[in-house]
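Hi,

Here is the structure I promised to pass on.

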Amino acid sequence: MTPTTAVASTTGPDIRGVETATEEAGRPARRPPVSGPRPGRVPVQVPVVERLEACRQLLDDARAAGRTVGLVPTMGALHAGHRSLIERAVVECDLVLVTIFVNPLQFGDPTDIDQYPRTIDADLEVVSECGADLVFAPPVREMYPGYPGPVATSVSVTGVGARWEGASRPGHFDGVATVVAKLFAMAGRCRAYFGEKDFQQLAVVRRMAADLSLPVDLVSCATVREPDGLALSSRNVRLDADQRQASAALARALRAGAESISSGEYRTDVVERRMAQVVAAEPLVDLDYAAVVSSDDLEPVDSVRPGPGFRLLIAARVGSVRLIDNLDPANPGAFANPANLEPGAPSKGHH
């Protein structure tokens, strides 16, 4: 049998960057967090670790003390979607680690990584407000010692990573799988929290963790959206006012596809055309794909029916910004208020 996850390789970090040690061994069960600082409370600066071995040791010590570990991998530029992941981890785990690392391996376009927002001070405030315990923010050469030279060892997940984003962004998921494998290896046994907005990424990571027998329990969390349906993304800050309004077409297209299915349409080509028509009505949005797939392996399906087992995927470019989104057609209630999906619906602006 050919494995779906391949690791290619051709070949002690020192310890630095622990500003303070966590001192909460034996603390009581966590209380549910609140969004933003608690009244009358000044958030405490979260310790920041820059070295893999230092972070690994802190997590090993926590588990040795009987504490459970939660991991929230991010690339920074934290928004309400990231906040929801961290807050859930805080409720469910004893010690929560948030990683902040802009991974160069998953960017095919050099201008894309150059334009990716970096807001470390604001990110640390968010992490502290949410109640996390530790931040891992390594320099690039801590993760890839030979950078910017080629990385000798990489992880590639075939199957679920081949189509859609994998086809549109060659090498992207290899970069994702490689960095997440390194983070999982460092973190050890833990619960790792990922948002469903990057649904194909979630599928790739899930397959990689299973194939490599990594002791990680993946927790998928619902997409957080603007009132008009736009999925929160760190890239949204690059949209101007007109582009921001136009970008809600992706959410409207997903809703239209889900409504087609719920009304009895079983032909996937018809559903996909309906989604594409919604996007085509917005001249500022350039559609890449609108697809109905199996939620298990992300392969195209010939027909669809109301109920679980399917996923609507969409990707488009708005100006220079690439946006992706998805929806479970059996749960279109992910959009709380259908009226907000009408063209011209008000938005809270950039996030």
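**What I found**

The chain has eleven helices and eleven strands (helices are DSSP runs of H or I with at least four residues, strands are runs of E with at least two, and both are numbered from the N terminus). Bear in mind that this is a predicted model: local features need pLDDT of at least 70, side-chain atom pairs count only at pLDDT 80 or more, and totals for chains, interfaces and linings use all residues. Residues are numbered from 1 along each chain as its sequence is written, and side-chain values use heavy atoms, with hydrogens and water left out.

Of the 351 residues, 50% count as buried (under 20% relative accessible area, with exposed over 50% and partly exposed in between, using a 1.4 Å probe and protein chains only). The accessible surface of the chain is about 16,000 Å², and carbon and sulfur atoms account for 52% of that (Shrake-Rupley method, 1.4 Å probe; for residues, only the protein chains shown count as cover).

On to the helix pair. Helix 7 (residues 172-187) packs against helix 8 (residues 199-211) at an angle of about 50°, and their axes are 10 Å apart (axes are lines fitted to C-alpha atoms, for helices over the stretch in contact, with angles from 0 to 180 degrees between N-to-C directions). That makes helix 7 oblique to helix 8 (under 35 degrees is roughly parallel, over 145 roughly antiparallel, 65 to 115 roughly perpendicular, and the rest oblique). From helix 7, Phe173, Val176, Ala177, Val180, Ala181 and Phe184 meet Gln200, Gln201, Val204, Val205, Met208 and Ala209 of helix 8 (contact means heavy atoms within 4.5 Å).

Next, helix 11. Thr268, Val270, Val271, Met275, Val278 and Val279 are the buried residues of helix 11. Their cover includes helix 10 (249-262), strand 9 (285-294) and strand 10 (310-318).

Strand 9 also holds Ser294, which counts as buried at 14% relative accessibility. Beyond its neighbours within four places in sequence, Ser294 touches Glu299, Val301 and Gly309.

Last one: Tyr144, in the loop between helix 5 (140-143) and strand 6 (154-157). Tyr144 is buried, at 3% relative accessible area. Setting aside neighbours within four places in sequence, its contacts are Phe101, Asn103, Pro104, Leu105, Val151, Thr178, Val179 and Lys182. Tyr144 and Pro104 sit 40 residues apart in sequence, with their C-alpha atoms 9.6 Å apart in space.

Cheers
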